[in-house]
Amino acid sequence: MVDSTKRLYEEAGGASSIDGEPIRLTWRDKLVEFGLNMCVILVGMLIAIFVFLCILFTADDMIEKAVPGLLDQGSITIVLLVILSATVGNACAWLCSPYLVRFIYRGYELRDERLDRSVGKLISAIDMDIAAETLYTIKSRTANAMVAGLFRKNRYIFFTDKLLAKANEEEILAIFAHELAHVRHRHLPKMLLATLMWVCGMQAFLYLIDFSAYFDALDESFKMWAYGLLNTVNVWLLIFLVIYPLSRRNEYEADATAAKWVGTELYKRALYRLHQVNDNLKPPPKLVKVLLTHPTMQNRLDRVSRLDAQ
């Protein structure tokens, strides 16, 4: 694999930084690098907390008078309310994610001849109707692409202007195929479903062990902080144990599908080029790998190479 990587390095021009200087990222660029899906999940959790508090504060007195004890901490009503709030919050965040991206980033609906040709090539190569996908370009100092939107009518595929400026037509075709592979495998709905399953499972577990009973002896103010800490830990466990591993698995799956569509050699070259443009060829430390939303370039190249050998 070392010889293969060296050959890709030579084909890409031999330079690790296209502009000759390190890339200094703005907070918007870092948001793209962090992973918009991760941000959507955090936004979904914030919306869920807001929905939960709104329902609790507006209906608390009325429900308590009608059915005393129904909203006691640890009751099945609270469990169901948490699950309902998480469902509403995350569904809203995922549905609105394309519009949030367009709100945060400056950009415009894309009209690019190279992408038009790429669409035509992919239509002839795969049995997938992609005419409804809306292409959009956003300003960024990094070369990247992403897909957002749960349903076809609100789905966008975003390309950064850096990517369009630095990549050739074949590389854009391969990167476009990768984003369409995410759509083909329904990775965004699966991510939403995994989040909701974690919420349901965790709430059921805490209810069955009567976890709230451990806080009965605490003062109300300390109890509030304890529940806040518990929810914070819960969110980070969701991200590190479910979302990050699932995201990396989705990337491998999208790599494999896109490589089949456009050819292994072209896809490997485009993948290497993408990391080269972003000055991101150096592998991260081993401990950092578990904190990444995407596998390392070398791991992705190795997986694609094994597929080619099969």
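# Strands, helices and a cavity in a predicted model

Me: What makes the residues of β3 worth looking at one by one, and which way do A145, V147, M146 and A148 point from β3?

Reply: In this predicted model, A145 and V147 point one way from β3, while M146 and A148 point the other way, and all are buried. Buried here means under 20% relative accessible area.

Me: How do you know that β3 is paired with β4, and in which sense do they run?

Reply: Two strands count as paired if at least two bridges are found between them. β3 and β4 have four bridges, in the antiparallel sense, so they meet that requirement. As one example of such a bridge, A148 has Y156 as its partner in β4.

Me: What makes β1 and β3 stand at the edges of the sheet?

Reply: The open sheet has four strands in the order β1-β2-β4-β3, with mixed pairing. In that arrangement β1 (107-109) and β3 (145-148) each have a single partner strand, so one side of each is left without a neighbour in the sheet. Neighbouring strands of this sheet are turned against each other by 25 degrees on average, direction ignored.

Me: Why is β2 described as largely enclosed by the rest of the structure?

Reply: Four of the five residues of β2 are buried, so the strand is largely enclosed by the rest of the structure.

Me: Why is W94 called buried?

Reply: W94, which lies in helix α4, has a relative accessibility of 1%. The cut-off for buried is under 20%, so W94 counts as buried. Although W94 and L188 are 94 residues apart in sequence, their C-alpha atoms are 8.2 Å apart in space.

Me: Why does V242 count as buried?

Reply: V242, found in helix α9 (residues 220-262), has a relative accessibility of 18%. This value is under the 20% cut-off, so V242 counts as buried. Leaving aside its neighbours within four places in sequence, V242 is in contact with A194, W198 and L237. V242 and T195 are 47 residues apart in sequence, while their C-alpha atoms are 7.9 Å apart in space.

Me: Why is R186 called exposed?

Reply: R186 lies in the loop between α7 and α8 (187-208), and its relative accessible area is 58%. Exposed means over 50%, so R186 is exposed.

Me: What is the phi of R186?

Reply: The phi of R186 is near 55 degrees, a positive value in a residue other than glycine. Most residues other than glycine have a negative phi.

Me: How many cavities of 30 Å³ or more does the structure hold, and what lines the largest cavity?

Reply: The structure holds one cavity of 30 Å³ or more, and the largest cavity has a volume of about 40 Å³. Its lining consists of A143, L163, K166, A167, I175, R273, L274 and V277. α6 (161-166) and α10 (264-277) each supply at least two residues of that lining, and the largest share, three residues, comes from α10.

Me: What share of the whole chain is buried, and what share of its contacts joins residues 24 or more positions apart?

Reply: The protein chain has twelve helices and four strands, and buried residues make up 47% of its 310 residues. Of the contacts with a separation of 6 or more, 77% are between residues 24 or more positions apart.

Note on methods: Residues are numbered from 1 along each chain as its sequence is written. This is a predicted model: local features need pLDDT of at least 70, side-chain atom pairs count only at pLDDT 80 or more; totals for chains, interfaces and linings use all residues. Side-chain values use heavy atoms; hydrogens and water are left out. Axes are lines fitted to C-alpha atoms, for helices over the stretch in contact, and angles run from 0 to 180 degrees between N-to-C directions. Buried means under 20% relative accessible area, exposed over 50%, partly exposed in between (1.4 Å probe, protein chains only). On a 1 Å grid over the protein atoms alone, a cavity is a set of points where a 1.4 Å probe fits but cannot get out, and a pocket is an open set with protein on both sides within 12 Å along at least five of seven lines; lining residues have an atom within 4 Å of a point. Grid points are joined across faces, edges and corners, and a volume is the space filled by probe spheres set on the points. Contact means heavy atoms within 4.5 Å.
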